[in-house]
Amino acid sequence: MTANVSIRGVTQRYGGALALDGVSLEIAAGEFVVLLGPSGCGKTTLLNLIGGFSEPVSGQVLIGGRDMAGVSPAQRPTTTVFQDYALFPHMTLADNVGFGLRMRGVGRAARRVQAEEMLALVGLPGRADRRPHELSGGQRQRVALARALAVSPDVLLLDEPLGALDLKLRRAMQDELKAIQRRVGTTFVHVTHDQEEAMAIADRIVVMNAGKVADIGPPREVYLRPKSLFSAAFMGEINQIAVRDGQSALGPMGAGTGVLLVRPESIGLTGGLPLGDCRVEDAAFFGTHVRAHVTPLAAPDLRLTVHLPQATATSPGDVLTLFATDPVMLEA
Amino acid sequence: MRVLSWVYLALAYAFVFLPVVVLVVFSFQDGRLPVPPFQGFSWRWYDKVLNDDGLMVALGHSALVAFVSSALALAMGFLAAHALARVRLPGSVLLRGVLIAPMTVSYLIIALGLLRVFNQTGVPLSLWAAGIGHVVINLPLCFAICYAAMGDHQKNAERAARDLGAGEAQVLWLISAPMLAPAMVAAFFLSVTFSWDEFIIAFLLTRFEVTLPVEIWSMLRSGLSPATNAVGALVFLVSVVAVVLMEVVVFRRAK
């Protein structure tokens, strides 16, 4: 029903290009892990290696402690939800969902019962005799999910499953995905390039870049305490202030040499770290906050993005005294 | 301009269909020669043809050869298309080219080549030999149609089936073939019509049991008669039915 996944020093090449560069990763049984990164970062390659669609050049993939080298996708305790759903257009929804059970020798009547249960689980009760082309994109995605879960895999792999849906539907589906994962308890490994989606559903986020793991941890930690510049910038907007031996253009900051990172919403009119007087370059009302670009008077070359409280009334040319909270120092 | 284009359309259709129309009209000739003037309407040539044992036996042979050779060509063409669309082989472009090449070779050359091979290897001239010839000409057609119809859509569905535990044979039978059904039906009926009309291969590779076009040819040798027109009209009718059937089935599936 659920198993841990252990990836040990996996390297993969396509042609001459290095797609994965010695990636190691431990995923606990029943965990919801999201592989996050831009296209070409290796996240889908890693998913394919777990699913058995390709074999690594070097390194090991273990599922439930079993080495998966040479084990075909059909023989692995994994199933995949594909980005384009890959439903069987000539079969009813019941036959689609029951396909994996059929391959495992389950009888017709038992398949039907289980398929109906799975369709109800994903919110499509009573549609067993419909065909895929009668459904909307979101509904097809649910069927793909039901089909993959019907065989009770130990690990469910999701390859950008919400990528083809519009934003509103995507936000609704991701809540549901999380709820379904809690109910079935299967290990979910989900690939996406949408950091909001990742934060909404993940127990842990694995940020990937150029074939390597750039950061890993719970959403709060990856967002607030990024371990690399890449993951800091990929998770959302971030201000970077250069620091040399504890000194920056804005006065003493942090310790050592490197980059001080501050999220726009961590800059305000109060806080622990003074940024000095800043001139407002532009400001716009964004509903939940006022977004402004400011330039510190002490460092005319620096431009900071700040999210000020909704009630702040400011216009270009104003000078505000700003403070930062939760700065993160990345040592060079 | 508008009128001119309609006139052109009418002429084009007349050019294509006039011979067939003339053939069909004179198959109803109430006289001994299928030439103008038209002397009146009669079913008697159809009556004669349908009661001619030689012709009816040849018709049975033609149907047998057409269906069996088309089924074989389709099965082989589908498997080849599936393999070449899915597996990256060294020189797959060359393999594909060689498979389609027989389409560009004249039937006469293919027939002469097969005749020579069969003589050398001791395969007797028969309906079977003609059937093999028809597989040779229809295999490239079936391959090309199936290959063109295979897209990423099928590829992803096959991948999903494998992921869910299907073996290769199950993937082919339960996923690939049903998803390609419209193309396969089209390829089959086209093959049937080509085999049904084919003369030169059947003429050179059969001996005692002949197909309908060969039988018609021997009828022609004894001179013109409205009976040959009647047979021609019937052959044409069968081809039309096959094409219409194909259109109906394919369009139904496409919807």
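This is a predicted model: local features need pLDDT of at least 70, side-chain atom pairs count only at pLDDT 80 or more; totals for chains, interfaces and linings use all residues.
**Entry 1: what H5(A) sits against**

I started from the packing of H5(A): its buried residues lie against strand E3 (32-36), helix H4 (137-149), strand E8 (187-192) and helix H6 (195-201), which belong to chain A.

Which residues of H5(A) are buried? I listed A:Arg170, A:Met173, A:Gln174, A:Leu177 and A:Gln181. They sit on the same side of H5(A), because the arc they cover around the axis is only 110°. The spacing makes sense to me: an α-helix has 3.6 residues a turn, so residues three or four places apart point the same way.

The face of H5(A) away from the buried side carries exposed A:Lys168, A:Asp175, A:Ala179, A:Arg182 and A:Arg183.

**Entry 2: length check on H5(A)**

I wanted to know how far apart the end C-alpha atoms of H5 are. They are 26 Å apart, and 18 residues (167-184) at 1.5 Å a residue should span 26 Å, so the two agree. After H5(A) comes A:Gly185, and I noted its positive phi, near 75°.

**Entry 3: chain A overall**

I counted eight helices and 20 strands in chain A. Its C-alpha atoms fill a box of roughly 75 × 45 × 35 Å along the principal axes. Of the 332 residues in chain A, 42% are buried. I also looked at contacts in chain A with a separation of 6 or more: 63% of them link residues 24 or more positions apart.

**Entry 4: the cores**

Which residues have the most contacts inside the largest nonpolar core? They are A:Val189 and A:Val206, in a core of 97 residues. H4(A) gives the largest share of this core, six residues.

I followed up A:Val189. Setting aside neighbours within four places in sequence, A:Val189 is in contact with A:Val5, A:Ile27, A:Val33, A:Leu35, A:Leu47, A:Ile50, A:Val155 and A:Leu157. There is also a second, separate core of 42 residues, and I found B:Leu59, B:Phe189, B:Ala202 and B:Leu204 among its members.

**Entry 5: a five-stranded sheet**

Next I traced an open sheet in chain A, with five strands in the order E15-E19-E16-E17-E18 and antiparallel pairing. Which strands are at the edges? Strand E15 (267-268) and strand E18 (304-308) of chain A are, as each pairs on one side only.

Inside the sheet I zoomed in on E16 (residues 273-285) and E17 (residues 290-296) of chain A: these run antiparallel and are joined by seven bridges.

Technical notes:
Residues are numbered from 1 along each chain as its sequence is written. Chains are lettered from A and ligands numbered from 1 in the order in which they are written. Helices (H or I, at least four residues) and strands (E, at least two) are DSSP runs, numbered from the N terminus. A residue is buried if 20 or more other C-beta atoms lie within 10 Å of its own, exposed if 12 or fewer, and partly exposed in between; C-beta atoms are placed from the backbone. Two residues are in contact if their C-beta atoms, placed from the backbone, lie within 7 Å. The expected span of a helix is 1.5 Å times one less than its number of residues. The arc is that of the directions from the helix axis to the C-beta atoms. Two strands pair if DSSP finds at least two bridges between them. A nonpolar core is a set of buried Ala, Val, Leu, Ile, Met, Phe, Trp, Tyr and Cys residues joined through C-beta atoms within 7 Å.
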